[in-house]
Amino acid sequence: METVLQHPLFIPILMTLIIIGVFPLLAGYLVLVERKVLADFQVRLGPMRVGPHGFLQPIADALKLFLKEDILPSEADRAIFWMAPVISTFTALSAFAVIPFAPSLYVADVNVGLLVISATSAVGILGIILGGWASNSHYPLLGGLRSAAQLVSYEVALSLALISGVMMAGTLSMVGIVEAQRSRGVWFAFDNFGLMLVPFTVYVISAIAETNRAPFDLPEAESELVAGFHTEYSGFRWALYFLAEYANIFVVSSVAITLFWGGWLRPFPNVGFLEVPLNYVFPALLMLGSGAGSFLLLKNLKSSTQKAVLAAIAVVLITTGLLFLIPAVNQALIGLFWFFLKVAVMVYALIWFRGTFPRFRYDQLMNIGWKYMIPIGMGAILVNAVVGIALANPKF
Amino acid sequence: MMSSVPLSWYLILSAILFGLGIAGFLFRKNLITVFMSIELMLNAVNLSFVAFSYHLKQVDGHIFTFFVMVVAAAEAAVGLAIILTVFKNRSTLEVDEVDSMKL
Amino acid sequence: MLETAFFYLFALLTLGGGVLMITRRSAVHSAIWLIVSLMGVAGLYLLQQAEFLFAVQIILYVGGIMVLFLFVIMLVNLDQAAKERQFVKPWWVALAVLLAIGGEFAYILRTNTGAFRFAVPVEQPPPAGGNTEILADVLFSQYLLPFEIASLLLLVAVVGSVIMARKRA
């Protein structure tokens, strides 16, 4: 047993299994959060029936998708039609391999980590255009072509934004990038007198376009193209596309967090006296507060089974909050806590954008990409390079 | 650790790949497939550059490969624009039929 | 041992993809097999510790050039062409040229096998920083002028393709 735990491949394999096993569930809950938050923006309630406040809705949705009929269009190119969603899901999930969740919780720390993520997202484009083509139908083809043009255009802006961050870190390894932020004592977003916020903004806008989300969701604009490239997909294949989409959202958020917002680091990573309030009190208060809030919601529920489920959730939250007060457990979990908290904030912002901005026209989308994002990204590289050198050599 | 795969294997693989590229270039009638065969040939050359570079423990081969990739990207952009223009003017992409210098 | 196995795997991907690329009727299928072949080449780069080129190969070739190819294939309608004859008329000329080149390769590889035996380089520790950093150092010092020329070439290509694709007034 000891030898198994000590084996160098133990953590990578464990992480791989966890990611593949847990992420579909996480994606389901991302959908629930998205529906709930959007409903809140539109003063609705969102899903309420399955479980307390719709808590079990994702499981019901997954069951429905598994049981649905799998339709293959008669004129479709069978092999490619079958393969395209697999490409999308495979590439989206393989990007997780290089994301560091906590100081030692990652599958691999390769020295071209960021490029590997770019590469997986580049291959992911193929899943979309091949799916659109293989359906042999007009709307999917148009959606696929649109998304190919959009993704290729915004990939340039995305890479330019990433270069600014890589320049600060001096390495392409994802772990190395976080370590560089620890040694500088500041998250890159606030470095260079806050100038790094410019590439971060470019990154977020391009990332929204890369993940095909509103306000840049033209490849699947419902009012124009039915559902874009996945119009002809149904059941399990459609679920694979869906999984890939949410995995991509999670990946772009994780990259933004790792590159600009310090990865698993807490705020002010080098200020010692903030250790206790930020690493112990804050997470405990957050969890205990959520647990207490859940208890308060109990009295509004009528069904007794729903009450039981909500009470169980509340107890789990409170137990987790108390666990954060034990130093040994805290040491192990705090990196994970900060990482997921920041990713959650980022994902919330993406949902917020979706609820706020109207969809752009296709020419506006291309204008934003080529005439604003790419020049701003290049300018940010220049300015950050100069300021970075000036800060490093005070005499300069 | 010395490599267990000898250099000659890489070179033979590269030669076969280059041959495949030539075969596609010479035999295929569709302009786009002809163009893709050129990419195959470029990759064969890149492969032997990297193989030499690895065995001589120098990075110059990598740099050459990098430049070849840059040129391939430029070539693809211009070449595909030409293919689109040809298709617009003649509505065919058969190399046998695109044989007159003017429209 | 593992390295040899991986070499065979990637070589199979590369050559199989190449053969299928030049034989498929549909241009989209050809492009997909070319992608498989390019992935095999990327794997071979990784096997030879060229991890930067591995990533660039996938980002640039698969994510850039091949997407552009697929884009053009989908823009031009090739359904009719896929039903017709796939090979050029003077196929015997092509065959003769191919045989000549193949014979040349075989001859050179056979007669000059001795030239490929390099002295085993002195076992030196790999320089700190990894492949990408070394590459960057060499690229931006020794190869600075070619680098600038390459960027000029890209600029020309961008302008050229925009002008060519523009609607004629």
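Predicted model: local features only at pLDDT ≥ 70, side-chain atom pairs only at ≥ 80, totals over all residues.
User: Is Asn212(A) buried or exposed?

Analyst: A residue counts as buried once 20 or more other C-beta atoms lie within 10 Å of its own. Asn212(A) has 23 C-beta neighbours inside 10 Å, so it is buried.

User: What is the phi of Asn212(A)?

Analyst: Most residues other than glycine have a negative phi. Asn212(A) is not glycine, yet its phi is positive. The value is near 60°.

User: Where is Gln49(C), and what is its phi?

Analyst: Gln49(C) sits in the loop between helix H2 (27-47) and helix H3 (51-75) of chain C. Its phi is positive, in a residue other than glycine. The value is near 55°.

User: Which pair of chains has the most contacts?

Analyst: Chains A and B can be set aside, as they do not touch. Their nearest C-alpha atoms are 13 Å apart. Of the 2 pairs that touch, the one with the most contacts is chains B and C.

User: How many residues of chain B are in contact with chain C, and which element of chain B gives the most?

Analyst: On the chain B side, 63 residues are in contact with 69 residues of chain C. Helix H1 (7-27), helix H2 (31-56) and helix H3 (60-90) of chain B each give two or more residues to that side. With 21 residues, the element that gives the most is H3(B).

User: How do the residues of that side of chain B divide by class?

Analyst: The side of chain B in question is the one that touches chain C. It divides into 44 nonpolar, 13 polar and 6 charged residues.

User: Which element of chain B has the highest mean pLDDT?

Analyst: Chain B as a whole averages a pLDDT of 84, and 94% of its residues score at least 70. Among its elements, H1(B) has the lowest mean, 86. The highest, 89, belongs to H2(B).

User: Which element gives the largest share of the side of chain A that touches chain C?

Analyst: Here 19 residues of chain A are in contact with 16 residues of chain C. The largest share, 10 residues, comes from H5(A).

User: Is H5(A) roughly parallel or antiparallel to H6(A)?

Analyst: The two helices pack with their axes 8 Å apart, at an angle of about 170°. Angles over 145 degrees count as roughly antiparallel. H5(A) is therefore, relative to H6(A), roughly antiparallel.

User: How do the residues of the contact of H5(A) with H6(A) divide by class?

Analyst: From H5(A), the residues that meet H6(A) include Leu114(A), Ile125(A) and Trp133(A). Among their partners in H6(A) are Gly144(A), Leu151(A) and Val166(A). The division is 12 nonpolar, 7 polar and 1 charged.

User: Is Glu232(A) buried or exposed?

Analyst: Glu232(A) is in the loop between helix H9 (222-225) and helix H10 (235-260) of chain A. Beyond its neighbours in sequence, it touches Pro73(A), Ala76(A), Ser135(A), Ser137(A) and Pro140(A). Because 23 C-beta neighbours lie inside 10 Å, Glu232(A) counts as buried.

User: How far apart in space are Ser253(A) and Ala349(A)?

Analyst: Ser253(A) is found in helix H10 of chain A. It touches Val343(A), Met346(A) and Val347(A), not counting residues up to four places away in sequence. Ser253(A) and Ala349(A) are 96 residues apart in sequence. C-alpha to C-alpha, their separation in space is 9.9 Å.

User: What distance separates the centres of the two domains of chain C?

Analyst: Chain C is divided into domain 1 (1-111) and domain 2 (129-169). Their centres are taken over C-alpha atoms. The separation is 24 Å.

Methods:
Residues numbered from 1 in each chain as written. Chains lettered and ligands numbered in written order. Domains from an automatic or database assignment. Contact = placed C-beta atoms within 7 Å. Helix = DSSP H or I, 4+ residues; strand = E, 2+ residues; numbered from the N terminus. Nonpolar A, V, L, I, M, F, W, Y, C, P; charged D, E, K, R; others polar. Buried ≥ 20, exposed ≤ 12 C-beta atoms within 10 Å, placed from the backbone. Axes fitted to C-alpha atoms, helices over the stretch in contact; angles between N-to-C directions. Parallel < 35°, antiparallel > 145°, perpendicular 65-115°, else oblique. pLDDT = per-residue confidence, 0-100.
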